[in-house]
Amino acid sequence: MDEGGDRGQSLVSVKIYVEGGGDAKSLRGRCREGVSRLLARAGFEGRMPAIVACGGRNETFGSFRTALAIRRKTNDHPILLVDSEGAISIGADIWDYLKSRDPWDKPAGCQDDDIHLMVQCMESWFIADAATLARYFGRDFHEGSLPKHNQPESVEKDRIEPALKKASANCRKGAYDKGAHSFAILGECDPAILRQKAPHFDRLCKRLEELL
């Protein structure tokens with residue numbers, strides 16, 4: 001899929017700088033495709049933002065910060081999307097959280113509503129939509145091994161990947177592997193379910209609706 005997608009008739013060129021894909025070009029391509037497919041299913045087809053898969057967390061922040069510094073020359077509107085790596089509630093000060101965790105200072109010219117988090121990690125979105133996981137892995141997927149919680153963003157990050165591996169251990173596609181499976185699953189997730197169960201995903205969609 002083309003990195004930029006179809007930007008439609010938006011007045012600005014929105015670019016989402018996403019944590020994911022590591023150092024491998026092929027994985028970054030899968031990351032771009034997975035995020036693009038999810039956003040297209042969320043209603044942004046025909047007005048898609050560009051997806052920039054940046055690899056590691058610090059690399060993603062660095063690319064976002066550079067984009068902010070040159071935004072007046074490019075007419076781009078950069079958005080940062082990274083894992084929270086921990087619990088944070090809607091309405092909390094994201095920059096206080098990031099400063100204490102990473103630590104990152106808020107760049108000049110940055111708007112708070114252009115910083116978005118996958119809480120507590122991208123896989124949190126998967127456990128929010130267990131039906132998609134079951135369809136993806138097929139026969140022998142054990143949904144009962146997944147954490148049961150009405151608020152998947154509250155499930156500790158360290159519990160999620162082991163639970164995914166356990167639930168898919170006997171499946172034909174093999175036990176869950178981030179490189180092999182994550183971005184394909186992401187592209188199949190139901191955005192309506194994610195918006196209902198993952199408030200930070202809903203926050204991202206609302207911001208894109210304002211900009212695109």
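**Pockets and a cavity: worked exercises**

By class, eight charged, seven polar and six nonpolar residues make up the lining of the largest pocket. Charged here covers Asp, Glu, Lys and Arg; nonpolar covers Ala, Val, Leu, Ile, Met, Phe, Trp, Tyr, Cys and Pro; the others, Gly among them, are polar.

This is a predicted model, where local features need pLDDT of at least 70, side-chain atom pairs count only at pLDDT 80 or more, and totals for chains, interfaces and linings use all residues. Residues are numbered from 1 along each chain as its sequence is written, and side-chain values use heavy atoms, with hydrogens and water left out.

**Exercise 1.** Find which residues lie nearest the centre of the largest pocket.

*Solution.* Start with the term: on a 1 Å grid over the protein atoms alone, a pocket is an open set of points with protein on both sides within 12 Å along at least five of seven lines, a cavity is a set where a 1.4 Å probe fits but cannot get out, and lining residues have an atom within 4 Å of a point. Next, go to Glu19, Asp83, Met122, Glu123 and Lys178, which lie nearest the centre among 21 lining residues. Helices are DSSP runs (H or I, at least four residues), numbered from the N terminus.

**Exercise 2.** Work out what lines the largest cavity.

*Solution.* First, pick out Val35, Leu38, Leu39, Leu81, Trp125, Phe201 and Leu204. Then sort them by class: seven nonpolar, no polar and no charged. Finally, see who gives the most: helix 1, with three residues.

Methods:
Helices (H or I, at least four residues) and strands (E, at least two) are DSSP runs, numbered from the N terminus.
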